[in-house]
Amino acid sequence: MAGRRLRTAGYSSAAAQDVRPGKLSGGVVVSDPPVYLNPSQFAHPVLAKFRQWEGGDLAQLPVYRSLPIELDRENSSVVMAYNDQRPALVERRVGNGRVLLLTTSVSYRPDLRNWSDLPVGGWTFVALADQMTQYLAGSSGQRLDRKSVV
């Protein structure tokens, strides 16, 4: 996840290149007016439960800063975009595992210029974090080859 303490040089290391879903394509994007998550493609397991919740309030939580990313790897895809069509949540399959990258921060301090209001958005953000964790852990309803689970 991105944020104010992010050091983009780390995303360019050889180790990061082996797993990251895309290449950071510039500095932090400041959105004025803010952008919003656009959870409209509910086919992905991370977003599947949001279909019954009609997207929750994710599309109402402002994002003020994000990282631009270009998908430059095989097996990478956009899970969810912002309402301006830029990638918000991206995924890459690496071997038998998966990597998710949220292009904004989930930290919040009232005394700072925050990247987003996602962490103060209530139950919907908690549900998104839960669904992301379940998906990465392989417990979102998809079957895994148990030999490949560490």
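Visitor: What makes the contact between Arg-86 and Asp-84 a salt bridge?

Guide: Their side chains meet at 2.9 Å, N to O. A salt bridge is a side-chain nitrogen of Lys or Arg within 4 Å of a carboxyl oxygen of Asp or Glu, so the pair qualifies. A search of the whole structure finds one salt bridge. This is a predicted model, where local features need pLDDT of at least 70, side-chain atom pairs count only at pLDDT 80 or more, and totals for chains, interfaces and linings use all residues. Residues are numbered from 1 along each chain as its sequence is written, and side-chain values use heavy atoms, without hydrogens and water.

Visitor: Why is Arg-86 called buried?

Guide: Buried means under 20% relative accessible area, exposed over 50%, and partly exposed in between (1.4 Å probe, protein chains only). Arg-86 has 18%, so Arg-86 counts as buried. Asp-84 has 35% and therefore counts as partly exposed.

Visitor: Why is the pair of Phe-50 and Trp-53 called edge-to-face?

Guide: Rings of Phe, Tyr and Trp (its six-membered ring) pair if their centres lie within 6.5 Å; planes under 30 degrees apart count as stacked, over 60 as edge-to-face and the rest as tilted. The centres of Phe-50 and Trp-53 are 5.1 Å apart and the planes stand at 85°, so the pair is edge-to-face. Trp-53 also forms an edge-to-face pair with Trp-123, at 5.3 Å centre to centre and 90° between the planes.

Visitor: How do you know whether Phe-50 is buried or exposed?

Guide: Its relative accessible area is 0%, so Phe-50 is buried. Trp-53, at 30%, is partly exposed.
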